[in-house]
Amino acid sequence: MNKIETYLDFKKTLKNEYPEKYWPEALKALWFDAKEDWEASHNIAQDMYNQTGIWIHAYLHRKEGDKINASYWYRQAGKNFPTVSLEQEHQNLVEFVLNK
């Protein structure tokens, strides 16, 4: 069981079939998103009733292309609609979760 400390560590886990069971839900949601399983990621994020889950939820709707829904969730998360790429926002989210 290797500890994930950096975004590069996280990226290396994408070769695995599943995320680690001991990971927080936020990291699992981001892992599924990185594996192109939007639905699994969304299912986790929408059941997270905290600011991190709301931010991930917003990001997922942005990625989906639903700007109106994404904008609502960014407001709920206390965030401005991002101007960075989706890839950069994903990295920002992973690093935020790892540093919590």
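These points cover one histidine and the aromatic rings of a predicted model.

1. Ground rules. Local features need pLDDT of at least 70, side-chain atom pairs count only at pLDDT 80 or more, and totals for chains, interfaces and linings use all residues. Residues are numbered from 1 along each chain as its sequence is written, and side-chain values use heavy atoms, with hydrogens and water left out.

2. His61. Look in helix 4, residues 51-64. Helices here are DSSP runs of H or I, at least four residues, numbered from the N terminus. His61 is buried, at 7% relative accessible area. Buried means under 20%, exposed over 50%, and partly exposed in between (1.4 Å probe, protein chains only).

3. Around His61. Neighbours within four places in sequence aside, His61 is in contact (heavy atoms within 4.5 Å) with Trp38, His42, Asp66, Asn69, Ala70 and Trp73.

4. Aromatic pairs. The whole structure holds 6. Rings of Phe, Tyr and Trp (its six-membered ring) pair if their centres lie within 6.5 Å; planes under 30 degrees apart are stacked, over 60 edge-to-face, the rest tilted. Tyr72 and Trp73 are edge-to-face because their planes stand at 80°, with ring centres 4.9 Å apart. Tyr72 is partly exposed at 36% relative accessible area. Trp73 is also partly exposed, at 22%. Elsewhere, ring pairs join Tyr7, Phe10 and Trp23 into a cluster.

5. Charges over rings. The charged end of Lys79 sits over the ring of Trp55, 4.1 Å from its centre. The charged end of Lys67 sits over the ring of Phe81, at 5.2 Å from the centre. The test is NZ of Lys or CZ of Arg within 6 Å of the ring centre and within 35 degrees of the ring normal.

Technical notes: Helix = DSSP H or I, 4+ residues; strand = E, 2+ residues; numbered from the N terminus.
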